[in-house]
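Reader: Hi! Please pick one part of this model and walk me through it closely, with the cut-offs behind each term.

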Amino acid sequence: MFTFSLKTLSDRLGLRDDRGSMAIMSAAFITVGLGVAAIAVDAGALFTERRTLQGATDLAAIAAASNIDRAEAAVNATLQANGVTASFSIERGQYAPDAKIPVNERFKPGVAPYNAVRVNVVKPGQLYFARSFTDKTFEIGVTSTAANAALAAFSIGSRLLAVRDGIANKILGGLTGSEISLSVMDYEGLAKADIKLAQFTDALASRLNITAGTYDDVLNSSASLGNVINAAADVTEKSGQTSATATLKSFLTQSGSLTQTVPLDALINAGPLGSTAIGDPAPGLDATLSALDIVSAAAVLANGTRQVQLDLTASVPGVASLKLDLAIGEPPQKSASTAVGQPSARVRTAQTRLRLTAEVGGVGALAGIKVRLPLYLDLAYGEARLASIDCAAGGEPRAVVAARSGVAELWIGNVNDSAFTDFSGKPSVTLASLVSAPLVRIDGQAHVDVGSTSETMLEFDNADVANGTIKRTSTQNPAESLVTSLLADADLKVRLPGLGIAAPGAVTKALADTLAPVLKPIDALLTDLLATLGVHLGEADVRVHGIRCGGGALAG
């Protein structure tokens with residue numbers, strides 16, 4: 001009888017008893033499992049530690065962006081306050097919040113003006129169980145970028161003074177090639193009419209049939225002068241400023257079609273808010289300009305030939321003749337007279353040249369003889385730079401603008417026509433004939449510098465913004481300064497034809513007595529002429545239209 005058992009089979013197959021091997025394998029698996037668990041616990045701990053460090057770094061970047069000049073101190077204080085001991089580095093740069101730019105390219109380190117910081121923080125990670133398996137140290141590195149959201153809207157060249165009757169009509173009429181007849185009350189109404197930048201840009205977009213896009217899309221376009229004035233009228237009409245609306249429409253009626261092109265980015269610079277969608281009432285674009293500011297600046301920019309010739313005889317009592325030649329240099333592109341920006345943003349006025357030739361009847365030894373006074377003025381760009389925005393906690397916001405007046409050179413002398421309109425170089429000024437009569441001849445030349453190359457710091461608070469306060473640098477009386485220089489200048493040559501000798505002092509005194517009564521009126525006339533153009537002799541007129549304190553904000 002055949003008997004079969006498992007033991008007999010296992011013996012025949014050579015199998016042996018291995019019950020002890022299970023214990024060994026279990027011990028090995030437990031060891032591996034504990035190691036994996038240790039690594040998992042440490043990995044989770046490192047991940048949590050990294051998230052904590054990222055949060056602290058984000059707060060540090062926001063603090064640094066709120067005070068870029070003291071970014072290192074802000075980062076150090078924030079990390080310490082959050083119990084973080086780590087090494088860090090800071091990169092200052094410029095951040096462009098533009099959806100059209102890839103996220104990783106919006107921050108440009110080292111590019112001024114700085115409006116953002118990138119903070120890099122590194123610290124050793126804390127290991128617990130993994131120390132039993134490795135001697136390596138693990139570092140945790142995080143990065144955070146934040147931009148400063150503080151903004152100010154400011155302008156240069158806006159002066160809301162009473163307008164001299166007839167001067168603005170002549171200048172704006174000459175610039176637009178039309179006959180303008182508005183009253184002083186009309187101009188004062190335009191000066192008092194407030195137009196918000198956002199509403200004005202929206203109205204321009206509507207006039208240009210731009211239905212989607214950003215404010216930069218609008219401002220990078222060109223509009224006709226008629227479009228600009230119509231857009232201003234649209235805003236004043238919607239806001240119930242009926243008097244200003246009527247004046248703007250009257251200006252349009254008197255001027256005709258006004259097809260001259262206005263480069264809008266030379267009129268307004270929206271700065272970091274340029275990427276805001278049309279129609280979005282973004283804080284910072286609620287700053288206001290006067291309707292007169294917009295009309296005057298647009299007329300200057302639209303004047304294609306940039307040369308105006310006017311007869312101003314009736315504007316100054318006591319002169320027999322007063323003729324004006326005006327030439328305006330093209331303002332630099334992307335440097336508007338009004339801007340919304342952050343510290344280091346700049347605005348400029350246009351370079352301007354004037355030739356003003358006055359003729360006056362002589363007195364005393366020059367009685368019955370006509371005296372000619374040719375004045376030439378070359379006024380460089382005036383510039384305003386947003387120096388700082390103070391958004392200290394608990395205090396009212398303040399903006400500081402560094403202003404530099406346009407350095408002017410004033411001459412008594414002759415300048416030829418071609419050199420007068422060529423802004424690529426300085427024209428030469430030659431000796432001028434002041435008196436030319438059979439018995440006496442007077443030739444003369446004088447030169448005076450007005451203005452300063454140094455900046456003046458002008459501080460604006462909330463009350464200044466609300467009241468439309470205009471602050472400026474020093475003033476001058478250029479015509480009086482010129483004639484004073486002329487009479488003391490060795491280049492003043494008074495001759496008696498045929499004799500070749502200096503004339504008696506009575507002739508020089510008669511020249512001074514002849515010119516004295518018209519100097520103050522000519523000074524006032526020059527001031528009014530340039531004020532209409534938004535520039536001023538020896539002065540930089542600055543206004544802050546709005547301040548927004550947003551502190552730092554994460555960017556990226």
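**A ring pair and a strand**

Author: Happy to! Phe420 is buried, since its relative accessibility is 0%; buried means under 20% relative accessible area, exposed over 50% and partly exposed in between, with a 1.4 Å probe and protein chains only. This is a predicted model, in which local features need pLDDT of at least 70 and side-chain atom pairs count only at pLDDT 80 or more, while totals for chains, interfaces and linings use all residues. Residues are numbered from 1 along each chain as its sequence is written, and side-chain values use heavy atoms, leaving out hydrogens and water.

Tyr376 is buried too, at 3% relative accessibility. Rings of Phe, Tyr and Trp (its six-membered ring) pair if their centres lie within 6.5 Å, with planes under 30 degrees apart called stacked, over 60 edge-to-face and the rest tilted. For Tyr376 and Phe420, the ring centres are 6.3 Å apart and the planes at 65 degrees, so the pair is edge-to-face. Because Tyr376 lies in strand 16 (residues 370-379) and Phe420 in helix 11 (residues 417-420), the pair ties together parts that are 44 residues apart in sequence. Helices (H or I, at least four residues) and strands (E, at least two) are DSSP runs, numbered from the N terminus.

Now for strand 12 (residues 321-328): seven of its eight residues are buried, so the rest of the structure largely encloses it. Strands pair if DSSP finds at least two bridges between them. Strand 12 runs antiparallel to strand 11 (residues 307-311), joined by five bridges, with Val308 opposite Leu326. Eight bridges join strand 12 to strand 15 (residues 352-361), also antiparallel, and there Leu324 faces Leu356.
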